[in-house]
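Student: I have a sequence and a structure to read, and I would like to go through them with you. Could we take them one question at a time?

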Amino acid sequence: MIWFWRSLASLCVTLGAIGVVVPGLPTTPFLLVAAWASARGWPELEARLLLHPHYGPLIRDWREHRAVPRRAKWAASALMLSSVLMIWLLPAPIWLRWSLPLFLCCVAGWLWTRPEPRRDTAR
């Protein structure tokens, strides 16, 4: 079973790394899953993620308080809005033009109801 957790953690770290350079692909959610998976089968990677100077505090805040910094909420909301605008400007099926905004409104509502960390860990 360790190979499964390590594979999942590796995949999520890879996707998170790609998200650093590809606009619109989130990094933090993949690193949260990577930290979760590595806690089950790769403690060295988990420790490394938790000690990362930029992402470590975000992971710890999520684990301890389910908290999301305000800057991250605004950034995610802006990216969701840009996704909705692109889906309306580019050719897309009508069902997608209506279902994506509804889904993203639900995601944004959930995101904005998460508490914020006591200190701003985002840079």
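Student: Leaving aside its neighbours within four places in sequence, which residues is K73 in contact with?

Tutor: This is a predicted model, where local features need pLDDT of at least 70, side-chain atom pairs count only at pLDDT 80 or more, and totals for chains, interfaces and linings use all residues. Residues are numbered from 1 along each chain as its sequence is written, and side-chain values use heavy atoms, with hydrogens and water left out. Contact means heavy atoms within 4.5 Å. With neighbours within four places set aside, the partners of K73 are V68, L111, W112, R114, P115 and E116.

Student: Is K73 buried or exposed?

Tutor: Buried means under 20% relative accessible area, exposed over 50%, and partly exposed in between, with a 1.4 Å probe and protein chains only. K73 lies in helix α5; helices here are DSSP runs of H or I with at least four residues, strands are runs of E with at least two, and both are numbered from the N terminus. K73 has a relative accessibility of 1%, so it counts as buried.

Student: Why are the buried residues of α3 on the same side?

Tutor: In α3 (residues 43-51), the buried residues are L45, E46, L49 and L50. An α-helix has 3.6 residues a turn, so residues three or four places apart point the same way. The arc is taken from the directions from the helix axis to the C-beta atoms, and these four are on the same side of α3 because their arc around the axis is only 135 degrees.

Student: What do the buried residues of α3 pack against?

Tutor: Let's look at both sides of this helix. On the other side of α3, E44, R48 and L51 are exposed. The buried residues of α3 pack against α1 (2-21), α2 (28-41) and α4 (55-65).

Student: Which residues do ring pairs link into a cluster?

Tutor: Rings of Phe, Tyr and Trp (its six-membered ring) pair if their centres lie within 6.5 Å; planes under 30 degrees apart count as stacked, over 60 as edge-to-face and the rest as tilted. The structure holds 6 aromatic pairs. W3 and F4 have ring centres 6.4 Å apart and planes at 90 degrees, so this pair is edge-to-face, and F4 and W5 are also edge-to-face, at 5.1 Å centre to centre and 70 degrees between the planes. The cluster linked by ring pairs is W3, F4, W5 and W36.

Student: How many helices does the protein have?

Tutor: From the N terminus on, the elements run α-α-α-α-α-α. Strands come to 0, and helices to 6.
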